[in-house]
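Student: Please take one part of this model and look at it closely. I would like a single connected account.

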Amino acid sequence: MVKENTVDILGPPQSSAPVTTTVIDIRGETAVPDHIVWSLFNTIFLNWCCLGFMAFAYSVKSRDRKMVGDVIGAQTYASTAKCLNICALVLGLLLTTVSVVFLVIAYTTAYSMILKVMKESGGYH
């Protein structure tokens, strides 16, 4: 024997109480920049006083916090990584520029001294 399935159609609610609506705000993934590429660049090229490496460590911590879902922690670590990256970049560019200027001055001074000695000695011996 075959049983038939029946479906009851429900009408509007039977109570006379007012209908309340609950809105749940589900946030999408918040974009927290972790500055990991910038930190890696500073670690490889401009690592004065290990600031680039420290920025890279904070960037990795920020990425880990973001993966766990801790947006506040990720923003805190990302902010620290950004400050360290700015310091590493400014300090690295400043010290590199000063070093290049110092080397140019040293080489020109040494070249002028060699020319002076050669002129006084009368040339090559």
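Predicted model: local features only at pLDDT ≥ 70, side-chain atom pairs only at ≥ 80, totals over all residues.

Tutor: Start with helix α1, which spans residues 36-44. Its buried residues include I36, S39, N42 and T43. Seen down the axis of α1, the buried residues fall within an arc of 125 degrees, so they line one face of the helix. What covers the buried residues of α1? Helix α2 and helix α3 (71-121) are among the cover.

Now turn to the other side of α1. V37 and I44 are exposed there. F41 also belongs to α1. F41 has a relative accessible area of 39%, so it counts as partly exposed. L40, F41, I44 and F45 form a nonpolar patch on the surface. Together they have about 420 Å² of accessible area.

Next, helix α2, one of the covering elements. It runs over residues 51-68 and holds S62. S62 is buried because its relative accessibility is 0%. Leaving out residues up to four places away in sequence, S62 touches V32, D34, A74, Y77 and A78.

Finally, the record. An unreviewed UniProt entry places "transmembrane region" at residues 36-58 and 86-108. Over residues 36-58 the chain is 74% helix and 0% strand. The end C-alpha atoms of that stretch are 9 Å apart. Over residues 86-108 the chain is 100% helix, with 0% strand. Here the end C-alpha atoms are 33 Å apart.

Note on methods:
Residues numbered from 1 in each chain as written. Heavy atoms only, no water. Helix = DSSP H or I, 4+ residues; strand = E, 2+ residues; numbered from the N terminus. Buried < 20%, exposed > 50% of the residue type's maximum accessible area, 1.4 Å probe, protein only. Contact = heavy atoms within 4.5 Å. UniProt positions renumbered as here; feature names shortened; annotations may be inferred. Patch = residues over 30% accessible without salt bridge, like charges linked within 9 Å, V, L, I, M, F, W, Y side chains within 5 Å. Areas by Shrake-Rupley, 256 points an atom, 1.4 Å probe, with all protein chains shown as cover. Salt bridge = Lys/Arg side-chain N within 4 Å of Asp/Glu carboxyl O. Arc of directions from axis to C-beta.
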